[in-house]
Amino acid sequence: MKILLTTVFTAFVIFLSQAQPPEITTKHTSASRISQGIKIDGKLDEAAWITASPAGDFVQNTPNPGQPASNHSEVWVLYDNTAMYIGARLLDANPDSILREMTERDNIGNADWFAVIIDAYRDGNNGVGFGVTASGIQYDTKFSASAEGGGFGGVLNSGEESWDAVWDSEVEYTDEGWVVELKIPYSAIRFPNAETQEWNVNFVREVRRKREISYWNEVDPNIAGYLNQSGTIGGIANIESPVRLSATPYFSVYAENLYDKNNSPKSNWGRSINGGMDIKYGINDAFTLDATLIPDFGQVRSDNRVLNLSPFEVQFDENRQFFTEGTELFNKGGLFYSRRVGGRPLHFFDVYGQLADNEEVTDNPGESQLINAAKVSGRTNSGLGIGVFNAISAETKATIENIESGDKREVTTSPLTNYNIMVLDQNLRNNSYVSLINTNVLRRGDDYEANVTGTRFSFRNKAQSYAFNGRAVVSQKYFPSSTDMGYAYFGEVSKTSGKLRWNLGYNVESHDYDPNDLGFIFSANQKSINGSWGYHKNEPFGNFIEAHLSVDGFYGRLQKPDVYNDFGIGVDSWMVTKNRVGFGMFAYLEPAETYDYFEPRTPDYSRYYIYPTNRNIGGFISTDYRKKFALDMNTNFRKFDEEGRYRFNISASPRFRASDRLSFYLEVGSYNWKNDVGYVTKLDDGQIIFGIRDTITVENVFNTTYIFSNKMSLSFRLRHYWSKAEYSSLHQLHEDGTLGDTAYDEFSDNSFNAFTVDAVYRWRFAPGSDIFIVWKNNTEDFSFARDDIQYSYQNGVERLTDFPQSNSISLRVIYFLDYLNLKRKG
């Protein structure tokens, strides 16, 4: 606590001692009202474009920050009662050299592009972006307070690119370059209820062959934040947020086959027909209701399942669109892990401990059926963001069968469950904010219920050069006869702008802190101090265009008991050449033994394993993506101060662009852990058994995409994962954390082999409306019997046809119905 208070005091001293920020010029442009319609064709030949005021004089963000853009750009903005129209003339002295790779929607690829960024509430924290590539591919995204400087291209990864609005765009090529025209309906933008509007806005362009990104209003990479470096647009008056009501009904059919050559019959077919609807309703100009009724997620991409020998849960990506779109408010504070909703049943594993003699589990669903979900989110004129989320999953049951009599019985693995989230997020001066988050899980019956309440804040000075960030959380579990309560808090002070940046933070998670009913943490019971110092050079020098060097350190203890856990220091450096080849190296040293209280898996943290001192070095190289062939490589070598113990990992990701429509991407990784040490089991007499093992993992992922047009695509993804753990000896874990001899000699080797295919044909046949045809294949085997384990990668490949495999072919039709369009047609 003393450290935290000291950190807070230091932060405020820094805030108070700062001089006035440097003068930053903010550009201004005006929009012109029109009374006649605009045809979106990329020509800009209507008279209104000629009389409107242009915005120009773009400034580079990279590779030469602050310098004028090498290619001239002009942008005009028009508006009427229903939409904003943006036209951009993007000159290029070599129009034949404009890169125009075609990709799927929301993927820029190797192409020139143009985008407009709108922060209608002018809070510097939240905004939306609409971009179009030179090949006509649309990209839209939402930005939040987590988006730092670095530009639109750099913010893509931190923006919410899964958000899809319905808007129009067209591009046209000319002898002087290319032209883009956009129509953005007001239903795609949230803005204040005011007679006269003035918004923060920025325009951005990349000339891909030069890897040059430039902005209308300069975005300095040495200043923290991105939206706060926008210009402004005025002249917009007497517009109203329209009735935002749309429905997206869907219809899907599935044909599924389960093939197992060891069963009789070998092949079983099934089919299903599903229907449901997504609804979006604008409650007022700022708040929107999103709901999904009888959702169907059968076409989402397969999870990257792995062999997990660690004491921690595997965190999977969220691929369900409803939970990736419009969730920026609910992700505040890091307390929402959406895979919990409709995820693995609460008692999924417990059912195996309820088997009587001659019984086996014949059906145990790995996911609960989601009945419906809804979320309301928006932001008031005063900058208060409000979000409410609710979802209900159905009761889930496993089936147990007596193998002699054939009698079956059902066991409930998850009760009817209600998930709730409420978020309040207040924007403050200087792009600061403070948030309050509550998550709640209610279950029917005698199962426990959970509640988590937390706050997260970020305070920045006017110059955007220093920040004080923190959070505090309380978790509660309500059992029929008791309540478990835990807490966590974090504080950090950092220098966020300039070439030289640093941070110092202190984190505590109590031993009984558990937000995992609707959130995610790998492990609680930790307190740590961490800090880093970094230098970043954005301007070209010598043969390089930018470089980075950082040093970081970590010191950790358990919260209860208050004992030492870990200490490490590291250094990281990377550079990018003028030929756009990036490379870097890192080194990390743990100079003292680590006391691992998690691997022994004792709930009271009474036992530990002494992890030897070690050092880890590695590096990467990434070649120029503008070339037809490009290659990424990563490697690291971690050596432990024990004889013969090390970890060597290497991965390569070649990519080949056969044409502007066809591309291939391969990821190959090999992960080799020699004489690794880990938990095996706990015996009835209290002995904790560890083993010395060789673990080898090989993972291959092959992706290819063919783009027929900017509305039609075909993608194919194949993943093969093989991993084996082979034990050379078993040992008893002593009370002092060392390993000793044991009489236990049970066979403990295992292997995991997984093969998945996801092939997707997509045709956007109308605005917001799609047809999907999807083929999914899944083959998976976890072996722990001596004769079944695949000890080599070759054997793993050869055995794939021996395992049960499922194939699914599905057709899904989604049709977008907009109230305003239907009203006009009526």
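**Overview: the chain as a whole.** Six helices and 44 strands make up the secondary structure of the chain; helices (H or I, at least four residues) and strands (E, at least two) are DSSP runs, numbered from the N terminus. The radius of gyration is 28 Å, close to the 28 Å that the globule rule gives for 826 residues, so the chain is as compact as a globular protein of that length. For the record, that radius is taken over C-alpha atoms, and the rule is 2.2 Å times the number of residues to the power 0.38. This is a predicted model, in which local features need pLDDT of at least 70, side-chain atom pairs count only at pLDDT 80 or more, and totals for chains, interfaces and linings use all residues. Residues are numbered from 1 along each chain as its sequence is written, and side-chain values use heavy atoms, with hydrogens and water left out. The C-alpha trace spans about 90 × 65 × 55 Å along its principal axes. Take the contacts with a separation of 6 or more: residues 24 or more positions apart account for 63% of them, a contact being heavy atoms within 4.5 Å.

**Close-up 1: T133 in strand β7.** T133 sits in β7, which covers residues 127-133. With a relative accessible area of 2%, T133 is buried. Its side chain makes a polar contact with the side chain of S135, at 2.9 Å; that term stands for a pair of N or O atoms within 3.5 Å, where within protein one must be able to donate a hydrogen and the other to accept it, and residues adjacent in sequence count only if both atoms are side-chain atoms. Beyond the neighbours within four places in sequence, T133 touches I108, A111, D112, W113, V171 and W178.

**Close-up 2: G42 in a loop.** Look for G42 in the loop between β2 (32-33) and α2 (47-51). G42 counts as buried because its relative accessibility is 1%. Setting aside neighbours within four places in sequence, G42 is in contact with E170, V171, E172, V179 and E181. R89 is 47 residues away along the chain, with 9.5 Å between its C-alpha atom and that of G42.

Close-up 3: Y215 has 0% relative accessibility, so it counts as buried. From C-alpha to C-alpha, Y215 and T62 are 10.0 Å apart in space, while 153 residues apart in sequence.

Conventions:
Buried < 20%, exposed > 50% of the residue type's maximum accessible area, 1.4 Å probe, protein only.
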